[in-house]
Amino acid sequence: MRDVNKLVGVVFSGLSALVVEGVSDEGKVIRVSARTRDDPVPCPVCGRPTGRVHGFHGRVVADLPVDGRRVVVSVRVRRLVCAVLGCPRQTFREQVPGVVERYQRRTNRLADQLGQIVKELAGRAGARLSCALACAISRSTALRLLMRWTLPPLRVPRVLGVDDFALKRRHRYATVIIDAETGERIDVLPGRTAQTLATWLREHPGVEHVCRDGSGSYGEAIRQALPEAVQVSDRWHLWSNLCDRVLA
Ligand SMILES: [Zn+2]
């Protein structure tokens, strides 16, 4: 490929909604200078398209790394004048939909990729891997990106497994609810009281069998909320209790 502009178009194809005006090598950073297109944009209040420029703003956003280096995009966006008489919005700053969302400091495609990393690795490990991939984020940013994921709709299983686990041993506990047939995690509830589980069971009808540990509080919750459900002592706790007795 001889045409450098074509090469830029290939490497930064995700920025094709913008006009790329230049790419500069700044050592550890590759800077892409771009601007929005000259097309008219609808006013966010009245919807009438306008191309009348009032002024310009600069936005700097991080994009996917290239050549093992950070990429920042300096975008010149327009402040446009709404020509409709009486429109409450006299001027507005245009957005770059599909490339970067309002108030964000990363392009959508970088945010998506970082989102995948933190979904697998969460805070500390996600932040460490992001450094190695030349799109470094802090641990708290990693957690913020993780919290932005929309959760899949909650499915109520026919056979439900319930158990407690320690968030901080001897201090804070939580209850995990799984589909006992597939092992898929369904929900995590704060605390491990009968009340916590009973409330969840009442709000999510449809459970027919519940596998639980030998403690009384979950048994009580199931009796209160689902008197018809079959309670099953789960295999792990049965074996664990048996072994404790035999070895004692
Ligand atoms: Zn308007």
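Arg170 is exposed, at 72% relative accessible area. Here buried means under 20% relative accessible area, exposed over 50%, and partly exposed in between, with a 1.4 Å probe and protein chains only. The model is predicted: local features need pLDDT of at least 70, side-chain atom pairs count only at pLDDT 80 or more, and totals for chains, interfaces and linings use all residues. Residues are numbered from 1 along each chain as its sequence is written, and side-chain values use heavy atoms, with hydrogens and water left out.

Arg170 sits in the loop between strand 8 (159-168) and strand 9 (172-179). Helices (H or I, at least four residues) and strands (E, at least two) are DSSP runs, numbered from the N terminus. Phi of Arg170 is positive, near 70°, although the residue is not a glycine.

## Asp67, another positive phi

Asp67 is also a residue other than glycine with a positive phi, about 60°. Its loop joins strand 5 (53-66) and strand 6. Asp67 is exposed, with a relative accessible area of 59%.

## The zinc site

Which residues hold the zinc ion as protein donors? They are Cys43, Cys46, Cys82 and Cys87, each through SG, at 2.3 to 2.4 Å from the ion. Donors are N, O and S atoms within 2.8 Å of the metal (3.2 Å for Na, K and Ca); water is not among the atoms, so sites may look incomplete. The 4 donor atoms make angles of 100 to 116°, and the site is tetrahedral. For comparison, four count as square planar and six as octahedral if opposite donors are over 155 degrees apart and all others between 65 and 115; anything else is irregular.

Along the chain, the donors follow the spacing C-x2-C-x35-C-x4-C. Cys46 and Cys87 link distant parts of the chain, 41 residues apart. Cys46 is in the loop between strand 3 and strand 4 (49-50), and Cys87 in the loop between strand 6 (69-81) and strand 7. Cys46 is partly exposed, at 37% relative accessible area. Cys87 counts as buried, at 10%.

## The largest pocket

The largest pocket holds about 620 Å³ of space. On a 1 Å grid over the protein atoms alone, a pocket is an open set of points with protein on both sides within 12 Å along at least five of seven lines, whereas a cavity is a set where a 1.4 Å probe fits but cannot get out; lining residues have an atom within 4 Å of a point. Grid points are joined across faces, edges and corners, and a volume is the space filled by probe spheres set on the points.

The lining has 15 residues, with Leu151, Pro152, Arg185, Ile186 and Asp187 nearest the centre. Helix 3 (139-147) and strand 10 (185-190) are the elements that give two or more residues. Strand 10 gives the most, with 4 residues. By class, the lining has 9 nonpolar, 1 polar and 5 charged residues. Ala, Val, Leu, Ile, Met, Phe, Trp, Tyr, Cys and Pro count as nonpolar, Asp, Glu, Lys and Arg as charged, and the others, Gly among them, as polar. Why does the largest pocket lie between domain 2 (106-150) and domain 3 (159-247)? Both domains give residues to its lining. The domain bounds come from an automatic or database domain assignment.

## The second largest pocket

The second largest pocket holds about 430 Å³ of space. Of its 20 lining residues, Arg93, Glu94, Gln95, Val96 and Pro97 are the closest to its centre. Strand 3 (41-42) and strand 7 (91-93) each supply at least two residues of the lining. The lining divides into 9 nonpolar, 3 polar and 8 charged residues.

Is Glu94 buried or exposed? Glu94 counts as buried, at 4% relative accessibility. Its place is in the loop between strand 7 and helix 2 (108-132). Glu94 and Ala34 are 60 residues apart in sequence and 14 Å apart in space, C-alpha to C-alpha.

## Two partly exposed residues

Arg139 belongs to helix 3. Arg139 is partly exposed, with a relative accessible area of 42%. Its C-alpha atom lies 7.4 Å from that of Gly126, 13 residues away along the chain.

Ala166 is in strand 8. Ala166 is partly exposed, at 31% relative accessible area.

Terms used:
Tetrahedral: all angles 85-135°; square planar, octahedral: opposite > 155°, others 65-115°.
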